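Please walk me through this protein model.

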Amino acid sequence: MPPNSRKRIPKACDQCRARKVRCDGTRNTCSNCERLGFNCSFPETSLLPHDATRKYSTSPSAQPRRIRVRRACQSCHILKARCNGEIPACQRCQTKGIECVYKDERRTAEPRSDVDHHLQPTSESSIYRRPNSLASDTSHSPSRDLIVRSLELFFKHVHPLPAYAFLHKASLFQSYNTGHADQALLLAIIGITSQLCEPMHEVQDYGTSCVDTAADSILADLEKPSVFKLQSLVLVIRHRMAVRRLSSAFMLLSIAARMAFALRLNYENPNICFLAQESRRRLMWALYMLDSTWSAGLKEYTLFPSDVIYLQLPGTEEDFELDTARTTSSLCGNLDEDKELSILAYYIRIMSLRYRILQYTKHIVANNQAASLVPAGIKRFEDELQVFYAALPVSATFSDRNLRLRAYSPQLPRYVMLQIWWHQCHCDLFRLLTTGFRESAPDRILQQIDHDFIMYSQTRCFQHASSIADIIAAFVNLGSEFPVMDSDIAVCSYQSIKIIYNAFRLDAHRFSLNTSRVNDVAKLGLSLLGNLGRNYSIISTIEADIENLVAHGRSSPSQDSHPITPEKSTDSPNILSISKSVTSGQLLSRHSLVRHSGFLDDVSDPVMPSEELGKAPRDNIRSDASSLSTSMPFASIGCNSAPDQMQSNIEGYWQANNAFQGAWDSLAPSFDPSTGTQQDLDGFFNIEPEFWTRHFGA
């Protein structure tokens, strides 16, 4: 018999075949149709050659109706959470206090959006799954679609920010595609991307759970620092700053500092390729900028002093992307010779200059310098700022043309913030001799300084604040898609508005100000905050402060006065708010991160021991003081090696061939980073790994 004439008798009925389920082939009514109440039918002919067209219909109109419907609400369905389907609100939504919405039971096709500006989970999407832990079943890990989408959004919208420019796109994608990408790093990228690029609170909550999982993984394995973990930790810190978990971010930054110096990231490593070197440099400079934001010129909060960073500044994005080796200048190099520095390198330099300005002004406010030396100090910093701006390439200076040329460029955020920070440095400097601010010099110093120089400083402070407002106005009215920006632009906007309002209060005629002008500046700041959205928790605080300026003309005395007095916490009479109990030498600005961290001292008042404690048996108290020295394993560690010698000792531990292997391996378990030698470090840190997760993790 010819093959094409061979006849095949189908076993499945039309209904089961359309539903793609197994059919027992029982004639008249199969078991499935009988159970579901369908009209069971078989094809009219059972002669179906392989090349013939099927006689039964598979069109949607001919398919049987669906019996099973979705019971989960939209919130639970998006996050793949268990939903009990209660009407009108499920138990999960009631517990979390969120709106519970059920979709219509009819299944309709939902078109998939081609827009990739936001992470947009549709009701049919399955990419959002809450991660339990990195050691859990892989079925609970983020899907490949979510990871790839987050990576693409990160490099498109987040990576252009100077604080996130340490990851190399091609290397990271290659690592992920080959299965070698660090899981904590991927989770941290998902978290920070969902926070900065997604307005939906549900997706931001999912990103927070990813970041918490990444933090738990890092803190549970602190004994083996690596560049991967440090990269993840920077993203975790940035995310917690965005969601206002400042005390956790502050503590994690100290761990990041230990990791960075243990890995010797503050030194150049000539034994690895350029791409790995540049990645390490950018990571270290990202930590330096992060630290300068937290410390704000206060030495006791500084973890990355510039004098211990022996690295050249980052190169251009093109060189980094294409692995093109190029030598740049150091942080303190001659500005006149650095015409080819990248915008990122200039950004790092202006941040370093601002740190020194804040350090100087806080030194003056603390009455630690003679009044006769203040004008010379201010002029010295002003000259340094002028030299910095003169060294910028023409394309990097501010003009309407240069701004519009970058309207659709990923370099727009760096360019705008470079201009704003330069003017903010002048405001921070000249604000010292402008009354009405917490950062103003004491009256004792102001009375001894020449009046003309005080008037000059106040004028310059107002002029640069107005320049910040003009830059923000041009940026907001640019007409292009508003990019993801750092929250620093909101802080600088508030500072400029506050200075303009203060100038209006001091002498409106001298500064050519009227009520309409100052209110327009405030409205501009509110417009900027509206474009930034609610991806930063600090936005609502700054918005309230600007509205307070509009309503009262200036902040309340409690906000503008000199160093705040100690405030007692309402929780206990013995608990003192450390972040608000500062002296003049610890001056914190209105939106200082340390100021808003909320650290508490629960032993501010001495407490006498009770009689029961006094009756404790003295046999349990060790009286042999010599035993303390023998129990200190770090007593014999020496720190007298010169930096060059210490660097030569560690170079042998780095074996690298590319940007994402070798150079990013963790330290050997028995390596001592302080001496560059091998030791037995068992018991070096007598701290349980669970301690870090319990106190600093999720």
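The disulfide count of this predicted model is zero. Cys273 is partly exposed, with a relative accessible area of 22%.

Now the overall build. The chain has 698 residues, and 50% of them count as buried. Its secondary structure comes to 26 helices and four strands. Take the contacts between residues at least 6 apart in sequence: 69% of them join residues at least 24 apart.

Is Leu429 buried or exposed? Leu429 is buried, with a relative accessible area of 0%. Leaving aside residues up to four places away in sequence, Leu429 touches Ile357, Thr361, Ile378, Phe381 and Glu382. Take Glu382 from that list. Glu382 and Leu429 are 47 residues apart in sequence, yet their C-alpha atoms are 8.1 Å apart in space.

Next, helix packing. Two packed helices are described by the angle between their axes and the distance between the axes. Start with helix 7 (residues 183–197) and helix 8 (residues 201–219). Their axes are 8 Å apart, and the packing angle is about 150°. An angle over 145 degrees counts as roughly antiparallel, so that is the description for helix 7 and helix 8. The crossing of this pair is left-handed. On the helix 7 side, the contact uses Ala184, Leu187, Ala188, Ile190, Gly191, Ile192, Ser194 and Gln195. Helix 8 contributes Val203, Gln204, Tyr206, Gly207, Cys210, Val211, Thr213, Ala214, Ser217 and Ile218. By class, the contact of helix 7 with helix 8 has 11 nonpolar residues, seven polar ones and no charged ones.

Helix 20 brings Asn519, Ala522, Gly525, Leu526, Leu529 and Leu532 to the contact. From helix 21 come Ile539, Ile542, Glu543, Ile546, Glu547 and Val550. What classes do the residues of the contact of helix 20 with helix 21 divide into? Eight are nonpolar, two are polar and two are charged.

Last, the backbone. Most residues other than glycine have a negative phi. Arg264 has a positive phi of about 60°, although it is not a glycine. Where is the place of Arg264? Arg264 is in the loop between helix 10 (246–262) and helix 11 (274–295). With a relative accessible area of 8%, Arg264 is buried.

Ala296 also calls for a look. Ala296 is not a glycine, and its phi is positive, at about 50°. Ala296 is found in the loop between helix 11 and helix 12 (317–321). Buried means under 20% relative accessible area, so Ala296, at 19%, counts as buried.

Conventions
Residues numbered from 1 in each chain as written. Predicted model: local features only at pLDDT ≥ 70, side-chain atom pairs only at ≥ 80, totals over all residues. Heavy atoms only, no water. Disulfide = S-S within 2.5 Å. Buried < 20%, exposed > 50% of the residue type's maximum accessible area, 1.4 Å probe, protein only. Contact = heavy atoms within 4.5 Å. Helix = DSSP H or I, 4+ residues; strand = E, 2+ residues; numbered from the N terminus. Nonpolar A, V, L, I, M, F, W, Y, C, P; charged D, E, K, R; others polar. Axes fitted to C-alpha atoms, helices over the stretch in contact; angles between N-to-C directions. Parallel < 35°, antiparallel > 145°, perpendicular 65-115°, else oblique. Left-handed = near helix turned anticlockwise from the far one by under 90°.
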